[in-house]
Amino acid sequence: MRHLILALFLASPALAQQIETDLELVLLADASGSIDADELLFQRQSYATAITDPAVVKAIQNTLYGSIAVTYVEWASNQATVVDWTIIADMDSATAFADALIGPPRQASGSNAIGAALLYGMDQIEGNDITGLRRVIDFSGDTMANTLGPAITTSRDRVVAAGITINALPILRNNDFRSNSGLVNLYKQNIIGGPNAFVMPAMDGPAFTDAIRRKLILEIAGTVPNTAIATALLQQIP
């Protein structure tokens with residue numbers, strides 16, 4: 001199923017060539033041991049809700065090409081592509097991506113390999129048949145643990161050197177920004193990088209979906225919050 005949507009855009013010889021779009025975006029979501037089955041489904045549903053938000057679709061249509069390319073990857077000890085590269089240009093294509101996101105079984109599990117996950121995200125961008133004006137990895141997680149694979153900062157530097165921006169969405173447990181501020185700062189210092197890179201903290205529950213929506217709009221527009229750490233979580237984005 002994960003190859004179905006992209007295949008629709010590659011069905012004819014004319015479309016089987018390089019696709020040009022405004023943004024190549026890897027949604028790199030946490031599926032490690034700290035994320036149980038209900039939380040994994042909630043994350044997917046939150047991304048599905050955010051990508052089909054009218055404000056997000058409008059932001060996509062207001063880009064130079066009027067489209068973006070998105071893939072959804074889950075990371076843990078291993079990495080797994082849940083939904084392959086999809087061109088989103090309107091509500092129908094956004095809905096198709098969202099629908100494809102909900103069904104697949106969990107394929108990533110175990111401990112934490114953040115450095116490997118970042119490199120996997122880079123490989124997805126460099127190995128596709130899409131040319132985007134901008135290339136971004138949207139990393140989310142609730143930890144800085146890196147028990148397997150290459151070091152986080154080494155991987156980050158390789159990704160940034162390839163011309164890819166890494167943004168981060170630290171998941172704050174217990175809805176307490178103050179007690180989780182250390183994780184936010186660690187993500188700022190060790191994970192993000194590249195032009196206009198930023199951190200957007202996300203609380204548990206309904207606020208998580210809203211944080212994703214705000215982050216997507218910023219990434220699609222190619223802009224940043226008021227500060228590298230997005231302390232203005234309640235800033236209204238139309």
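## Thr143

Thr143 counts as buried, because its relative accessibility is 16% and the cut-off for buried is under 20%. This value, like the others in this report, comes from a predicted model. Thr143 sits in the loop that runs between strand E4 (130-141) and helix H6 (152-161).

A polar atom of the Thr143 side chain lies 2.9 Å from the backbone nitrogen of Ala145. Leaving aside residues up to four places away in sequence, Thr143 touches Trp75, Asn112, Ile114, Leu183 and Tyr187.

## Overall fold

The chain contains 8 helices and 6 strands. Along the sequence these follow the pattern α-β-α-α-β-β-α-α-β-α-β-α-β-α.

Of the chain's 238 residues, 54% count as buried. Among contacts in the chain with a separation of 6 or more, 79% are between residues 24 or more positions apart. The accessible surface of the chain is about 9800 Å², and carbon and sulfur atoms account for 55% of that surface.

In soluble globular proteins, nonpolar side chains tend to be buried together. In this model the largest nonpolar core has 37 residues, and those with the most contacts inside it are Leu27, Tyr72, Ile88, Phe97, Leu101, Leu216 and Ile220. Two or more residues each come from strand E1 (19-30), helix H2 (37-51), helix H3 (54-61), strand E2 (68-75), strand E3 (79-88), helix H4 (91-102), strand E5 (165-172) and helix H8 (206-221). H8 gives the largest share of this core, 7 residues. Apart from this core lies another, of 33 residues, which includes Ile87, Ile125, Ile166 and Ile191.

Ile88 belongs to the group with the most contacts inside the largest core. Not counting residues up to four places away in sequence, Ile88 touches Ile51, Ile60, Gly66, Ser67, Ile68, Val70, Ser93, Ala94 and Phe97.

## Helix H3 and its packing

At the start of H3, a side-chain oxygen of Asp53 comes to within 2.8 Å of the backbone nitrogen of Ala55. Within the helix, Ala55, Val56, Val57, Ala59 and Ile60 are buried. The buried residues of H3 pack against H2, E2, E3, H4 and H8.

Two packed helices are described by the angle between their axes and the distance between the axes. For H3 and H8 the angle is about 5 degrees and the axes are 9 Å apart. The two helices are therefore roughly parallel to each other, since angles under 35 degrees count as such. On the H3 side the contact is made by Ala55, Val56, Ala59 and Ile60, and on the H8 side by Arg213, Leu216, Ile217 and Ile220.

## The loop between H7 and E6

Asn196 is located in the loop between helix H7 (181-190) and strand E6 (202-203). Although Asn196 is not a glycine, its phi is positive, at about 60 degrees. Asn196 counts as partly exposed because its relative accessibility is 46%.

Phe198 is also found in the loop between H7 and E6. Phe198 is buried, with a relative accessible area of 1%. Phe198 and Leu218 are 20 residues apart in sequence, and their C-alpha atoms are 9.7 Å apart in space.

How values were computed. Residues numbered from 1 in each chain as written. Predicted model: local features only at pLDDT ≥ 70, side-chain atom pairs only at ≥ 80, totals over all residues. Heavy atoms only, no water. Helix = DSSP H or I, 4+ residues; strand = E, 2+ residues; numbered from the N terminus. Buried < 20%, exposed > 50% of the residue type's maximum accessible area, 1.4 Å probe, protein only. Polar contact = N/O pair within 3.5 Å; in protein donor to acceptor, adjacent residues only side chain to side chain. Contact = heavy atoms within 4.5 Å. Core = buried A, V, L, I, M, F, W, Y, C linked by side-chain atoms within 4.5 Å. Areas by Shrake-Rupley, 256 points an atom, 1.4 Å probe, with all protein chains shown as cover. Axes fitted to C-alpha atoms, helices over the stretch in contact; angles between N-to-C directions. Parallel < 35°, antiparallel > 145°, perpendicular 65-115°, else oblique.
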